[in-house]
Amino acid sequence: MPHRLVGAALAAALFAATPALAQDFPLEIDHKFGTTIIAEQPERIATVDYAGADDLLALGVQPVAIRYWYGDYPRIVWPWAEPLLVADPVVLRGDLDFEAVAASNPDVIIALWSGITEEDYEKLSLIAPVVAVPEGVGDFALPWDERALLTGRAIGREAQAKKAIGGIHDKLAAAAEAHPDWNGKTVAVAHAWDSPARPGAYTSNDVRPQLLAQLGFQTPTGIDDLMKDGSEFVVWLSPEDLSPIDADLLIWLTTNTWDNVLGIAARPFLAATQDGREVFIGPEITGAFSHASLLSLPHAIDKLVPMIEAALDGDPATSADDRPEGP
């Protein structure tokens, strides 16, 4: 079964649970390392997830420990989350600092997007109950809505999580309804993080194309055909042959500058480039999609929709994105 269908099935099972039963404590949560028992609704929540602060803040929780991922923001969290962070949590940087986690005195530790090993899990479990990814799910493969729902369940706020998740799905549905012409068009989400010689594109297994699919877009078959085992999130392209990403809409991401993208020799020959059907998404919105959280996704959707509108308006001269001068 394709990954996206597995995710949909798991989401359906999670949402089918009644809030009353799900919120009873003690609560048992099964995961790939076994079963975690949370004796009572936790008050002090630590997260070792990358971007883990976002969902907790969205659910009205001030985390006692958060993990730095990337970005140069004074309070660690990104702009969409910063106004909600009023506490002064322990900040975990680099390799897991178990002593720092313990010093935050948590009642539960969320580890749904963390990459922890079984050894890490055992060490963290000596501190507090740990909520890890379900059996059969990769370390960073849990879809955003399932991650948020499991977080909400573990901390006794499943109803709030369902409401927030529903709001994001409603926002996507409203944008799709307002743009019926997007339905069935292809979209490629690409980048050149390392160098112009190593462009990449996201497959239909990745959260970015999956969110765009809710707007009506489809991932080009040429991208998915480059997968070796059908489970990859990203595939790599030859800088001399960008044909797999010459879609109805081509979205470029960056975490820094546009030099690498602009340096790809074959890019000017793409029909999407020549017709002005490109969208350049700068570091902040790229980060919002990468975080894929209850806070970042509404921020990203609100910014992205007008960018797409301008790219697909039929006029190559118009744009509303983060492109550099004269791309």
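User: Which residue of strand 10 is the bridge partner of Tyr202?

Analyst: The bridge partner of Tyr202 in strand 10 is Val234. This is a predicted model, in which local features need pLDDT of at least 70 and side-chain atom pairs count only at pLDDT 80 or more, while totals for chains, interfaces and linings use all residues. Residues are numbered from 1 along each chain as its sequence is written, and side-chain values use heavy atoms, with hydrogens and water left out.

User: What makes strand 9 and strand 10 a pair?

Analyst: Two strands pair if DSSP finds at least two bridges between them, and strand 9 (residues 200-202) has 3 bridges to strand 10, in the antiparallel sense. The strands themselves are DSSP runs (E, at least two residues; helices are H or I, at least four), numbered from the N terminus.

User: What is the order of the strands in the mixed sheet, and which strands stand at its edges?

Analyst: This open sheet of 5 strands has the order 10-9-8-11-12, and its edge strands, strand 10 (234-236) and strand 12 (278-281), each pair on one side only. From one strand to the next, the twist averages 30 degrees. Helix 13 (residues 296-311) packs on this sheet and touches strand 11 (249-253) and strand 12, its direction making about 150 degrees with that of strand 12; such angles run from 0 to 180 degrees between N-to-C directions, along lines fitted to C-alpha atoms.

User: What makes both faces of strand 6 count as covered?

Analyst: In strand 6 (residues 108-111), Val108 and Ile110 on one side are buried, and so are Ile109 and Ala111 on the other. Buried means under 20% relative accessible area, exposed over 50%, and partly exposed in between (1.4 Å probe, protein chains only). By that cut-off, 51% of the 327 residues of the protein chain count as buried.

User: Which residues touch the most other members of the largest nonpolar core?

Analyst: Of its 63 residues, they are Trp144, Leu212, Phe217, Leu249, Ile251, Leu304 and Ile308. A core is a set of buried Ala, Val, Leu, Ile, Met, Phe, Trp, Tyr and Cys residues joined through side-chain atoms within 4.5 Å. Helix 13 supplies the largest share of this core, 8 residues. A second, separate core has 20 residues, including Val235, Ala247, Trp252 and Val261. Beyond its neighbours within four places in sequence, Phe217 has contacts (heavy atoms within 4.5 Å) that include Trp182, Leu212, Leu249 and Ile308.

User: How do you know whether the radius of gyration agrees or disagrees with that of a compact globule?

Analyst: The radius is taken over C-alpha atoms, and the globule rule is 2.2 Å times the number of residues to the power 0.38. For 327 residues a compact globule would have a value near 20 Å, and the protein chain has 20 Å, so the two agree.
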